[in-house]
Amino acid sequence: MANKANKATELVETQQQVELRSLQEALNSVHDELQNRGFQNELLQEKLSNLDLMMDNRGWSSVSEYKEDGPTLEQVKKSSGQIRNLMALNPWIKRGFRLRFNYVMEGGIHRDNLPQAPKTSAGGRDMRSKQPDVQARVDNIINQMNFFGAEALEKRESAFYSDSQALYIGDDSDYTLRALPLSQITAEYRNPDDGSEIWAYRRTWDHYPNGSATSEQKHEWIFRHAFEDKKTKQISLNDEVEPVAQDKRVFGRTVNSQMGWTHGIPDALAAIAWVKLYRDFLVNGCTVTASMAQIWAQAKNQSKGGAESGVAALNRGGAGQIAVTGDGNTLTPLSTAGNAYDFEKGNTIIAAAATAIEVSTIAMTADTSAAGSSYGSAQTLDAPTRLAMEARRDIHVSLESEVLKWMGADDALVWFTPYTDSTEVFRDIQAIVLKWTTGLYTPEEAKAQFEALAGRYGDIKIPEGILLPNNEKSLARKDIDTDGAGSTSPDQSGDLGTGAPGQGQNSAAGGGTGSNDTRTDTIS
């Protein structure tokens, strides 16, 4: 019985040694692979011929497959479906959209010069007036939900991000707007001599009659607003005649297009491959980290007897215990013990994805280590990102201006608050004031520059009675042109002079008795 027990014990110990050896060999293999490869550059090389292999690309078409007229409608739809799913499930694609939307819409979009119907004696609007009440059309709850409101603006930018285009159906009967989803477009009617110019879209949707749970599919063609003069009564498709909506028109814009292309490219398309590669990098890094955590040391013994007497007797009961080894036995900690995978090596990958979306890596990852933990770098909207967002703002302004003109506001102004620091604005105003005081600029020229600081462009209205400085027609007005140097005291001539560009900065004259640019209070 004793011999059987010894053999059983020996069998168990041998099995444990085999398992330990197998785990050790696996860890050494992973460790050697990481050291040998050192995250070689070929993992970061972009090869257009293999771009599809970098993506989960069932039904996907790579950029190299686009023809001269760009991606087809079917290709755009497939890319849209994948991007929309990633916007809901992938943190970096979702974050990229939120950054773009917040940057573009920072400060809100402004609209001015919108005609309103005259007011009645009771204070209401006179709906009998022939003047279009554009403000009322903008405030219409349907238009706010679908085009002008905050939620509608988010969906519009989302369409650019995932679909490359944002389209809307305008109803001529009541001036309401509704979105035209990309999924409802099933065909296009193009210029016979220019395939990149779309004149009309074929809309297909499910119609549910009142009181019925069963839908029926309907089709109609809607011409774009710019090609209303091309409108026909009907269009033939596959030997079937289909109606053209006579009281509707399509407004919209396409982004990331090229000369000769029919459709554009979604903002997020170029980032998908790199986001997937970065995700795989993180998942593999977590796997390696878990493997390194399972085996922290290597036990060696020189004889079978030593192994049978005890490879290592470890005290139990918590961390920081002592390992007791027998004669001829060694316990060598691995170099990776207590370490995690170097995830910062993947910053180059996610930087490629951020570049594709035109946002900074710091903002996209919410990781200030990408900026060397620099608070200033993490908080700054860099120039390339700012310029990219300003270009997108121009598209929004163009689209809204076209819609407002259709509604009856021929002189509508649409603008965004510029990306300018308050200090920069102050200095710009000073520069304009200095130029204005020379008398060499007309009021229209000066006001145009002032309005440009706020992002407003369009017709300039000058208040009546404006007086030109440094002009003979204003010479009799001492409060406009004192014909001499400005006083430093308001009780002499009422002229305080023009603030200098260095106002507020430390200077040798700052402590003088005549200075009005210093503070007299103290900090306790």
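Trainee: How many aromatic pairs does the count come to?

Mentor: This is a predicted model, and the pairing rule asks that ring centres lie within 6.5 Å. By this rule, the count of aromatic pairs comes to 11.

Trainee: Are the rings of Trp-92 and Tyr-278 stacked or edge-to-face?

Mentor: A pair of aromatic rings is described by the distance of the centres and the angle of the planes. For Trp-92 and Tyr-278 the centres are 5.1 Å apart and the planes stand at 75°. Planes over 60 degrees apart count as edge-to-face, so the pair of Trp-92 and Tyr-278 is edge-to-face.

Trainee: Which helices does the pair of Trp-92 and Tyr-278 link, and how many residues apart are they?

Mentor: Both Trp-92 and Tyr-278 are buried, and their pairing connects distant parts of the chain. Trp-92 belongs to helix α3 and Tyr-278 to helix α7 (residues 272–294), and the two are 186 residues apart.

Trainee: What is the angle between the planes in the aromatic pair of Phe-147 and Phe-148?

Mentor: Phe-147 and Phe-148 are both buried. Their rings form an edge-to-face pair at 4.8 Å centre to centre, and the angle between the planes is 80°.

Trainee: Which residues do ring pairs link into a cluster?

Mentor: Some aromatic rings are joined through ring pairs into a cluster. The members of this cluster are Tyr-189, Trp-199, Phe-223 and Phe-227.

Trainee: Why does the distance between the end C-alpha atoms of helix α3 agree with its number of residues?

Mentor: Helix α3 covers residues 91–104, which makes 14 residues, and at 1.5 Å a residue these should span 20 Å. The distance between the end C-alpha atoms agrees with that expectation, because it is 20 Å.

Trainee: Which residue has a side-chain oxygen that reaches the backbone nitrogen of Trp-92 at the start of α3?

Mentor: Trp-92 is one of the buried residues of α3, a group that also includes Ile-93, Gly-96, Phe-97 and Leu-99. At the start of the helix, the backbone nitrogen of Trp-92 has a side-chain oxygen within 3.0 Å, and the residue that supplies this oxygen is Asn-90.

Trainee: Is Arg-156 buried or exposed, and which side chain does its own side chain join in a polar contact?

Mentor: Arg-156 lies in helix α6, and because its relative accessible area is 0%, Arg-156 is buried. Leaving aside neighbours within four places in sequence, Arg-156 is in contact with Phe-147, Ala-166, Tyr-168, His-396, Leu-399 and Glu-400. The polar contact of 3.1 Å joins the side chain of Arg-156 to that of Glu-400.

Trainee: Is Asp-239, with its positive phi, buried or exposed?

Mentor: Asp-239 has a phi near 65°, a positive value in a residue other than glycine, and lies in the loop between β7 (234–237) and β8 (240–243). Because its relative accessible area is 81%, Asp-239 is exposed.

Trainee: What is the phi of Glu-358?

Mentor: Glu-358 is found in the loop between α9 (347–357) and α10 (361–365), and at 39% relative accessibility Glu-358 counts as partly exposed. Although Glu-358 is not a glycine, its phi is positive, at about 70°.

Key:
Residues numbered from 1 in each chain as written. Heavy atoms only, no water. Helix = DSSP H or I, 4+ residues; strand = E, 2+ residues; numbered from the N terminus. Expected span 1.5 Å × (residues − 1). Buried < 20%, exposed > 50% of the residue type's maximum accessible area, 1.4 Å probe, protein only. Polar contact = N/O pair within 3.5 Å; in protein donor to acceptor, adjacent residues only side chain to side chain. Phe/Tyr/Trp six-rings, centres within 6.5 Å; stacked < 30°, edge-to-face > 60°. Contact = heavy atoms within 4.5 Å.
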